[in-house]
Amino acid sequence: MGEPTAADASSRHTPVLLQRCLDLLGPALTAPGAVMVDATLGMGGHTEGVLRAFDEVRVVGIDRDPQALALAGERLAPFGDRFTPVHAVYDEIPDVLDRLGLPSVQGVLMDLGVSSLQLDETERGFAYAHDAPLDMRMDPTRGLTAADVLNTYDERALARVLHVYGEERFAGRIAEAVVRRRAQAPLTRTAELVDIVRACIPAATRKTGGHPAKRTFQALRIEVNGELAALERALPAAIESLAVGGRIVVESYQSLEDRLVKRALAVGATSSAPPDLPVEPATHAPYLRLLTRGAEEADAEELARNPRSQSVRLRAAERTRPTPDHLRTARRAA
Ligand SMILES: C[S@@+](CC[C@H](N)C(=O)[O-])C[C@H]1O[C@@H](n2cnc3c(N)ncnc32)[C@H](O)[C@@H]1O
């Protein structure tokens with residue numbers, strides 16, 4: 001497989017629930033001078049859809065992966081200054097907007113996880129199906145690699161990562177086997193890890209549970225990239241960046257992410273008045289309106305077109321008024 005090109009960007013990653021995202025964001029993006037933050041630019045599929053559908057909108061596209069930014073930048077070059085690429089982690093949204101002189105935006109889109117390109121780029125170590133160095137960093141210019149995690153965390157910490165982020169039943173066994181193996185030589189390749197995991201999972205479970213290393217790889221990817229911690233910080237910051245009438249859409253691909261999204265949106269969509277007050281003071285009324293009932297999933301047609309949509313959970317909300325002062329203060333103190 002050669003160096004990826006901009007043409008690959010559009011062919012390798014089909015944006016998930018694109019039309020639904022456009023329908024949800026649309027009412028906010030028709031405002032004059034509207035700006036949307038695509039916090040997970042990836043191959044730029046959603047952003048291209050937005051730029052085509054709404055003539056006036058400008059998109060700030062954030063990604064921590066320099067390769068994704070380069071490819072999406074090439075793909076979106078025809079839109080000129082309607083598109084601004086930014087290399088950042090999405091919890092830096094407030095700084096990014098400050099630097100661009102944007103006090104608020106009309107839309108935020110987050111399409112979480114890894115892109116098909118990252119999975120296809122076998123040398124980056126995201127895929128259990130290909131032998132590669134144990135890397136898994138979305139931003140290969142900084143931070144711990146999967147090999148660092150596997151070779152330096154103590155057994156308990158490793159088991160916790162696999163249990164919490166991978167929901168792996170055999171986390172303890174796998175952590176013990178990793179520690180035993182690395183006493184002989186540090187782990188360096190994904191194939192070594194796959195072999196270790198396979199040997200730790202009983203044959204009966206192996207037959208039913210999909211690829212035995214799937215959960216371990218998910219857990220390591222989340223740990224290496226600090227995915228849940230970044231998301232937990234990013235969600236309130238993204239909501240805070242929305243102007244009144246602005247809308248946020250988030251697509252998650254596993255239950256830990258979706259739980260954080262559900263909780264962050266619920267904070268704004270629920271009255272902050274103490275439950276025993278007979279009348280809700282106006283200052284405590286919700287400042288978000290949920291636009292989805294629970295989490296939306298892909299229908300059969302989308303699934304047939306785009307297998308990536310299999311596990312998607314989409315949630316969306318609209319800002320109905322500014323965040324009340326008492327909640328802003330509480331957030332700053334937290
Ligand atoms: C599922 S892909 C997005 C695909 C995109 N919507 C499209 O249609 O092409 C997710 C992207 O988000 C990026 N990403 C994941 N976590 C991030 C974070 N914390 N900060 C910035 N970018 C992140 C990944 O590098 C990846 O390129």
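**Domains**

The centres of domain 1 and domain 2, taken over C-alpha atoms, are separated by 31 Å. Domain 1 comprises 6-117 + 227-333 and domain 2 comprises 140-224 of the protein chain, with bounds that come from an automatic or database domain assignment. Six residues of domain 1 and five residues of domain 2 form the contact, where two residues are in contact if their C-beta atoms, placed from the backbone, lie within 7 Å. On the side of domain 1 that touches domain 2 there are four nonpolar residues, one polar and one charged.

**Basis of the model**

The model is predicted: local features need pLDDT of at least 70, side-chain atom pairs count only at pLDDT 80 or more, and totals for chains, interfaces and linings use all residues. Residue numbers start from 1 along each chain as its sequence is written.

**Surroundings of the ligand**

Around the ligand there are 21 residues, of which Pro-15, Thr-40, Gly-42, Met-43 and Gly-45 come nearest; a residue is near a molecule if its C-beta atom, placed from the backbone, lies within 6 Å of it. The shell holds nine nonpolar, eight polar and four charged residues. Here Ala, Val, Leu, Ile, Met, Phe, Trp, Tyr, Cys and Pro count as nonpolar, Asp, Glu, Lys and Arg as charged, and the others, Gly among them, as polar.

At least two residues of this shell come from each of α3 (45-53) and β2 (58-63). Helices (H or I, at least four residues) and strands (E, at least two) are DSSP runs, numbered from the N terminus.

**Two glycines**

Gly-44 lies in the loop between β1 (35-38) and α3, whereas Gly-45 is placed in helix α3.
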